Amino acid sequence: MLKYGRPSPFRYERKDMPQIKLSVFDEFKTWSKLDVSVVEIETSSLCPTQIDFNDDKIVKMVKRIEQKDPSFKGTILISKDGYVLDGHHRWIAHLNADVGNIMFHQLDVFAEETFLLMKKFANTI
């Protein structure tokens, strides 16, 4: 059985989650004027904001992590209050691969405010 992190008050369906593609992540940082830090955090200390996940996709990702596949990469974006904002499947895969600490991009604002910014940005591109 897969682990999905700690319980969360946020319960967004994936279709309602604002997505920031890696190809426009730097543009988002500039546009939002937010400070973004790359931080190492224990995967189990975070909470999801999304409620629906593709288990088959996660299982495949776990295998890629365990095989140390160099092509498996991507940004996992978190808020300063410890919520995963983007990259849920990658985060859950790391959580289930029991890798402990990994690197995250952490915004300097709380989850609620970040969602508003992400939605505004998504409407501008």
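The legends below describe several close-up views of one predicted model. In this predicted model, local features need pLDDT of at least 70 and side-chain atom pairs count only at pLDDT 80 or more, whereas totals for chains, interfaces and linings use all residues. Residues are numbered from 1 along each chain as its sequence is written, and side-chain values use heavy atoms, with hydrogens and water left out.

View 1. The strands, like the helices, are DSSP runs numbered from the N terminus (at least two residues of type E for a strand, at least four of type H or I for a helix). Four strands form an open sheet with mixed pairing, in the order E1-E4-E2-E3, where two strands pair if DSSP finds at least two bridges between them. E1 and strand E3 (84–86) are the edge strands, each pairing on one side only. E1 and E4 run antiparallel and are joined by seven bridges, and one of the residues involved, Glu40, has Met103 in E4 as its bridge partner. Helix H4 lies across E2, E3 and E4 and runs at about 5 degrees to E3; axes here are lines fitted to C-alpha atoms, for helices over the stretch in contact, and angles run from 0 to 180 degrees between N-to-C directions.

**View 2. Aromatic pairs.** The structure holds eight aromatic pairs, counted where the ring centres of Phe, Tyr or Trp (its six-membered ring) lie within 6.5 Å, with planes under 30 degrees apart called stacked, over 60 edge-to-face and the rest tilted. Tyr4 and Phe53 are stacked, at 5.4 Å centre to centre and with 15 degrees between the planes. This pair links distant parts of the chain, since Tyr4 is in the segment before helix H1 (25–32) and Phe53 in the loop between strand E1 (36–42) and helix H2 (55–66), 49 residues apart. Phe28 and Phe121 form an edge-to-face pair, 5.2 Å centre to centre with 70 degrees between the planes. Phe28 lies in helix H1 and Phe121 in helix H4 (residues 111–122), so this pair ties together parts that are 93 residues apart in sequence. Phe28 is buried at 0% relative accessibility, and Phe121 is buried at 1% (buried means under 20% relative accessible area, exposed over 50% and partly exposed in between, with a 1.4 Å probe and protein chains only). Tyr4, by comparison, counts as partly exposed at 28%.

**View 3. The nonpolar cores.** A nonpolar core is a set of buried Ala, Val, Leu, Ile, Met, Phe, Trp, Tyr and Cys residues joined through side-chain atoms within 4.5 Å. The largest has 19 residues, and Leu46, Ile78, Trp91 and Phe104 are those with the most contacts inside it. Two or more residues of this core come from each of E1, H2, helix H3 (88–96) and strand E4 (101–107). Apart from it lies another core of 18 residues, among them Phe28, Cys47, Val109 and Leu117.

**View 4. Loop residues.** Lys33, in the loop between H1 and E1, is not a glycine but has a positive phi of about 60 degrees, and Lys33 is exposed, with a relative accessible area of 74%. Asp98, in the loop between H3 and E4, is likewise a residue other than glycine with a positive phi, near 55 degrees, and Asp98 is exposed at 58%. Thr75 is found in the loop between H2 and strand E2 (77–78), yet Thr75 counts as buried at 12% relative accessibility.

Note on methods. Contact means heavy atoms within 4.5 Å.
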